[in-house]
Amino acid sequence: PPLLIFDEPFSGFDPVNAELLKQEILSLKREGHTIIFSTHNMSSIEEVCDNIALINNANVVLSGNVHKIKEDNRTGLLKLCTTSGSLTERPDLFTIIDKEESHGLIRYSLKKQTAVSNSELIRLFSDEVEIRSFQEQMPSMNAIFLKIVGHHEYDCHSYPQRVSDAHQEKVFYPTDYTDAFYYVCCGHRTFTFGSNKQRRGK
């Protein structure tokens, strides 16, 4: 059919069957079918959707291409793993947030200045250390949603919360309310519509 509508398509499936369903949805998407689905799983957005529009409390709070949204919300956080040498902090280019040594590897958490390119930093790092791996930490859609919507909707005192330092995401657990997010995948386009605040148990 040209139009398919799914309600929480990945809910209740074990990982194997969830993956099979995801691949089937992607296959139908490639064929040009319009697919509408609702989900609470933010990671499925990144795996399936191209474009989204997220509605919270009857207002569109975020919309556009998923890749562009992630690009627009880059934090400049980096992960660098080295095998030898010592990295010297350059506040004009980057700061060292954390450093951990284990099993012959040195792992750095860094934050770069906005105007500095990753290529420039890699050239700089290679003069001081032997690089095993380098990665920019792109924000997840879940982290972006929390950033945009804010934490005022959640009671952070009743449930455990993890608030770590600057190079890690802040995570809060909701209490009285849950939000329903609806995502639409239209051929090669994906949108989100719908989020109604509901009391648990009602």
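At 37% relative accessibility, Glu19 counts as partly exposed, a class that lies between buried (under 20% relative accessible area) and exposed (over 50%), with a 1.4 Å probe and protein chains only. The model is predicted, so local features need pLDDT of at least 70 and side-chain atom pairs count only at pLDDT 80 or more, whereas totals for chains, interfaces and linings use all residues. Residues are numbered from 1 along each chain as its sequence is written, and side-chain values use heavy atoms, with hydrogens and water left out.

Glu19 forms a salt bridge with Lys22 at 3.2 Å, N to O; the term denotes a side-chain nitrogen of Lys or Arg within 4 Å of a carboxyl oxygen of Asp or Glu. Both residues lie in helix H1 (residues 15–30), three residues apart, about one turn of the helix. Helices (H or I, at least four residues) and strands (E, at least two) are DSSP runs, numbered from the N terminus. An α-helix has 3.6 residues a turn, so residues three or four places apart point the same way. Lys22 is buried, with a relative accessible area of 12%. A salt bridge also joins Lys22 to Glu47 (3.7 Å, N to O). This pair links distant parts of the chain, as Glu47 is in helix H2 and Lys22 in helix H1, 25 residues apart. Glu47 is partly exposed at 46% relative accessibility.

Rings of Phe, Tyr and Trp (its six-membered ring) pair if their centres lie within 6.5 Å; planes under 30 degrees apart count as stacked, over 60 as edge-to-face and the rest as tilted. The rings of Phe94 and Phe125 have centres 5.2 Å apart and planes at 90°, so this pair is edge-to-face. Because Phe94 lies in strand E6 (residues 94–102) and Phe125 in helix H4 (residues 118–126), the pair ties together parts that are 31 residues apart in sequence. Phe94 and Phe125 are both buried. Phe125 forms a tilted pair with Phe134, at 6.2 Å centre to centre and 55° between the planes. Phe134 is partly exposed, with a relative accessible area of 24%.

The protein chain has five helices and twelve strands, and buried residues make up 38% of its 202 residues. In helix H5 (residues 141–149), Met141, Ile144, Phe145, Leu146 and Val149 are buried.
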